[in-house]
Amino acid sequence: MNSTIRELLSKHGGLPVSVETLADDADLYEAGLSSFASVQLMLALEDEFDVEFPENLLNRKSFQSIAAITAAISSIAPDSQVA
Amino acid sequence: MNKISEIKAMSLVERARRVAAVASKHADDVDAKGRFPQESIDAMKAERLLGIQIPAAFGGESASTAEIAEICSILGQACAAAAMTFSMHQIKASSVVSHGVDASWHQDFMKRIAAEQLLLGSATTEGGIGGNLRNSICAIEVDGDTCRLEKDATVISYGEQADAILVTSRAHADAAGSDQVMTVFLKGQYTLEKTHVWDTLGMRGTCSDGFLFKAEAPAEQILPKPFAEIAAQSMLANSHILWSAVWYGIAADAVNRAQAFVRGAARKQPGTVPPGALRLAEVSSLLQLVKSNVQAALEKFEAAQADEEKLSSMAFAVAMNNVKIASSQTILTIINHCMLICGILGYKNGTPFSLGRHLRDAHSAQLMISNDRILGNTSNMLLVHKQDTSLLG
Ligand SMILES: Cc1cc2nc3c(=O)[nH]c(=O)nc-3n(C[C@H](O)[C@H](O)[C@H](O)COP(=O)(O)OP(=O)(O)OC[C@H]3O[C@@H](n4cnc5c(N)ncnc54)[C@H](O)[C@@H]3O)c2cc1C
């Protein structure tokens with residue numbers, strides 16, 4: 001899941017830095033994730049993992065880092081492989 | 001009792017009404033000359049209104065957003081420029097109150113706001129960026145204990161009169177545009193070189209000139225939280241609610257004038273319903289919409305305030321954006337209707353029914369963070385946010 005998230009982040013995150021340089025717990029907002037890009041990323045994640053983020057996950061915290069995104073997706077799609 | 005405790009013993013509404021009496025006396029002159037509503041701001045200071053939001057522990061009165069909104073509305077009915085100045089000051093104060101309580105410099109600053117009735121200004125708008133609050137070009141430079149900032153601030157309301165200005169910038173030279181901080185700069189720590197003159201259609205008294213802002217100050221004056229959190233958790237709601245309260249005030253006074261006009265006509269011809277009465281009924285319903293909208297937003301904000309997650313949620317941001325869009329648009333319809341009711345006496349200046357100033361002031365509402373920009377932001381969130389269809393939720 002981690003590599004898929006990284007791939008989507010690099011495609012939709014609009015970050016000025018390369019995703020490879022970011023640790024799993026690096027702050028994505030500090031890295032330049034804008035609110036527009038974060039929505040684009042959410043859409044891509046919903047499509048890729050075939051999930052819908054419930055309202056309580058649609059906040060800054062859930063998308064603050066790659067680790068937070070992983071946790072958010074795992075919490076709604078327990079079947080998807082965490083690798 | 002000393003003078004300050006005597007004043008504080010009166011209700012906030014009473015004190016606001018006394019300021020409004022001063023503001024309404026000077027409103028036309030402030031508008032005609034495009035000058036700062038100095039008498040009204042002096043009256044706010046005399047009534048100790050500039051420090052009411054500061055927690056009591058720091059010398060303020062711990063006033064709630066609802067209480068401040070009521071004052072914005074009272075002042076808005078008298079002089080929109082004075083009311084907007086008050087609301088912008090309180091919006092800045094809310095950032096310090098919500099995000100500066102743990103920092104000793106900001107605690108002392110809060111004490112000074114209350115004790116000295118300091119007036120706070122804001123510089124978020126930037127040349128090349130416009131009203132995109134969550135983006136900066138300029139970057140703050142931290143050099144040991146000192147920070148320096150230069151900003152092409154194209155709109156700073158009452159920049160020359162403010163005692164301190166809160167300025168957004170990128171967090172450091174290499175930071176992304178959305179990685180921002182907000183810093184408090186005190187008068188004396190900055191210079192303002194005027195670049196744009198505020199000669200506008202309405203809101204002429206806010207004196208929102210453009211300046212090249214250059215400052216140097218101790219680095220501890222940077223607010224200790226990312227501006228993203230300040231924007232989401234205090235500024236978004238406070239701005240949209242308190243601005244809307246001012247706008248409601250403008251519209252409410254216009255409706256008062258239209259109603260006085262219709263009543264006068266009814267008295268002249270007893271037994272008949274004047275032609276403007278039907279429009280007045282329409283306008284009364286629209287005004288109620290704006291009022292309910294602001295009240296509902298206040299309730300939502302109060303409920304969310306205890307819960308950081310709720311405050312940062314999309315549902316909350318969408319709701320606050322919607323409040324701003326609805327009130328800024330609806331007041332224009334209301335005041336225009338009032339003008340139709342009062343006819344030429346509303347169109348003319350200097351009559352008891354004059355509405356030109358109201359209409360011109362109200363036109364700023366859609367531009368004050370462009371509605372198109374806000375709609376764009378909401379439409380983006382609606383791609384993932386699911387609406388709550390319950391009536392009471
Ligand atoms: C009375 C008053 C007082 C003010 N006081 C202050 C102050 O004290 N401090 C301060 O910093 N600012 C202040 N402002 C500025 C205000 O907050 C906005 O930043 C400013 O009005 C926006 O300016 P703009 O229309 O030139 O810029 P922009 O936001 O760039 O908008 C220009 C136009 O471009 C369009 N547009 C641009 N981007 C988008 C987008 N993404 N989506 C859709 N449409 C878009 C919109 O149609 C808009 O009309 C004040 C404004 C007013 C009216």
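**Where the chains and domains meet**

So, chain A and chain B bury about 1500 Å² between them, with 54% of that on carbon and sulfur atoms. By buried area I mean the accessible area (1.4 Å probe) that two parts lose on being put together, summed over both. Before I go on, the housekeeping: this is a predicted model, where local features need pLDDT of at least 70 and side-chain atom pairs count only at pLDDT 80 or more, while totals for chains, interfaces and linings use all residues. Residues are numbered from 1 along each chain as its sequence is written, chains are lettered from A and ligands numbered from 1 in the order in which they are written, and side-chain values use heavy atoms, with hydrogens and water left out.

Back to the chain contact. Chain A brings 22 residues to it and chain B brings 18, contact being heavy atoms within 4.5 Å. Which residues of chain A lose the most area to chain B? They are A:Glu55, A:Leu58 and A:Arg60, together 35% of what that side buries.

The rule here is a side-chain nitrogen of Lys or Arg within 4 Å of a carboxyl oxygen of Asp or Glu. B:Glu309 and A:Lys61 form a salt bridge, with their closest N and O atoms 3.3 Å apart. There are also 6 residue pairs in polar contact across the interface of chain A and chain B, both residues at pLDDT 80 or more. A polar contact is a pair of N or O atoms within 3.5 Å; within protein, one must be able to donate a hydrogen and the other to accept it, and residues adjacent in sequence count only if both atoms are side-chain atoms.

Now inside chain B. It is divided into domain 1 (3–118), domain 2 (122–221) and domain 3 (227–382), with bounds from an automatic or database domain assignment. The centres of domain 1 and domain 3 of chain B, taken over C-alpha atoms, are 21 Å apart. Each of these two domains puts 25 residues into the contact. Between them, domain 1 and domain 3 of chain B bury about 2000 Å², 66% of it on carbon and sulfur atoms. In domain 1 of chain B, the residues that lose the most area to domain 3 are B:Thr65, B:Ile91 and B:His99, together 27% of what that side buries.

The count between domain 1 and domain 3 of chain B is 2 salt bridges. B:Asp28 and B:Arg357 meet through their side chains in a salt bridge, at 2.9 Å from N to O. Helix 2 (12–33), helix 4 (65–76) and helix 5 of chain B each supply at least two residues of the side of domain 1 that touches domain 3. Which helix gives the most to that side? Helix 5 of chain B, with 12 residues. Helices (H or I, at least four residues) and strands (E, at least two) are DSSP runs, numbered from the N terminus.

**The sheets of chain B**

One open sheet has 3 strands in the order 1-4-5 of chain B, with mixed pairing; two strands pair if DSSP finds at least two bridges between them. Strand 1 (120–123) and strand 5 (180–186) of chain B have a single partner strand each, so one side of each is left without a neighbour in the sheet. The twist averages 25° from one strand to the next. Axes are lines fitted to C-alpha atoms, for helices over the stretch in contact, and angles run from 0 to 180 degrees between N-to-C directions. Strand 1 runs parallel to strand 4 (residues 164–170) of chain B, joined by 4 bridges. B:Ala123 has B:Val167 as its bridge partner in strand 4 of chain B. Helix 5 (residues 80–99) of chain B packs on this sheet, touching strand 1, strand 4 and strand 5, and makes about 85° with the direction of strand 1.

The other one to look at is an open sheet of 4 strands in chain B, order 2-3-7-6, with antiparallel pairing. Strand 6 and strand 7 (residues 210–218) of chain B pair over 6 bridges, and B:Leu192 stands opposite B:Phe213 in strand 7.

**One last pair**

Over all chains, a search of the whole structure finds 22 salt bridges. One of chain A's pairs is A:Asp24 with A:Arg6, whose closest N and O atoms are 2.8 Å apart.
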